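Here is a short briefing on one structure. The points are grouped by topic.

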Amino acid sequence: MRLVAAALLAALAAPSAFASAYWTDWTSAAASSVSGTLSVGSSNVSVVYSGPYSGAQTAGGTNYWVPNVYTSATVPNGPPDSDIIQFSTGGTKTITFSQSVSNPLIGLVSWNGNTVDFGAPINVLSYGQGFWGNGTPIVNGAGTGFFGNGEVHGVIQLVGDYTSITFTDTSEGWHGITVGVLGVTPDPVTGTVPEPTSLALIGGALAALAAARRKR
């Protein structure tokens with residue numbers, strides 16, 4: 001029974017196989033909106049940003065997502081290219097998804113002296129030295145946003161399921177954003193999506209537990 005308990009603990013601690021972060025490919029910009037696609041395996045989710053913005057890179061340009069402070073124990077890979085939505089004017093801003101997404105990721109560049117509130121619980125997954133310097137996100141008392149103490153670069157995660165995200169921020173010279181989700185990638189050899197390691201181990205541990213009970 002002790003061995004079974006140990007197996008269960010190991011299963012809960014084990015990471016999912018082939019975990020990956022998927023980031024929005026921003027493809028077009030209009031007067032007050034930017035559109036893109038979030039591709040996760042064979043699923044494509046349309047993403048639309050609406051609200052004030054100062055610029056959008058949808059095909060090339062400066063890659064502001066370096067140095068890579070966008071990875072962590074939760075996020076294995078940061079934004080892969082230069083796609084970004086750039087802000088200077090604060091206000092109310094909305095990101096809409098064509099279908100519900102779970103625990104979306106928000107990539108941040110240069111949120112300096114900015115106060116932002118997502119109206120929903122957030123987790124700070126990473127921050128540190130980025131393209132424009134270094135800073136620390138000071139999470140507000142409600143746990144729904146932060147103040148950028150210095151040049152904040154990193155990733156936050158909104159907790160829950162969303163078809164849209166509405167947030168408010170304050171005006172400052174320049175800051176940028178992109179959006180992603182976590183998922184499981186296909187095996188590069190077989191093309192199949194593997195069973196997460198933790199689930200496989202839990203299944204084996206539960207089977208061992210049932211056998212031990214039958215013996216008793």
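Lys93 is buried, at a relative accessible area of 0%; buried means under 20% relative accessible area, exposed over 50%, and partly exposed in between, with a 1.4 Å probe and protein chains only. The model is predicted: local features need pLDDT of at least 70, side-chain atom pairs count only at pLDDT 80 or more, and totals for chains, interfaces and linings use all residues. Residues are numbered from 1 along each chain as its sequence is written, and side-chain values use heavy atoms, without hydrogens or water.

**Salt bridge**
- The structure holds one salt bridge, defined as a side-chain nitrogen of Lys or Arg within 4 Å of a carboxyl oxygen of Asp or Glu.
- Lys93 pairs with Asp169, and their closest N and O atoms are 2.9 Å apart.
- Lys93 sits in strand S7 (residues 91-102) and Asp169 in strand S14 (residues 161-169), so the pair ties together parts 76 residues apart in sequence.
- Strands (E, at least two residues) are DSSP runs, numbered from the N terminus.
- Asp169 also counts as buried, at 6% relative accessibility.

**His153**
- His153 lies in strand S13 (residues 152-158).
- His153 is buried, with 0% relative accessible area.
- A polar atom of the His153 side chain lies 3.3 Å from the backbone oxygen of Gly133.
- Beyond neighbours within four places in sequence, His153 has contacts (heavy atoms within 4.5 Å) that include Val69, Tyr70, Leu108 and Trp132.

**Strand S1**
- Four of the five residues of S1 (residues 19-23) are buried.
- S1 runs antiparallel to strand S15 (residues 175-184), joined by five bridges; strands pair if DSSP finds at least two bridges between them.
- Ala21 has Leu182 as its bridge partner in S15.

Definitions and conventions. A polar contact is a pair of N or O atoms within 3.5 Å; within protein, one must be able to donate a hydrogen and the other to accept it, and residues adjacent in sequence count only if both atoms are side-chain atoms.
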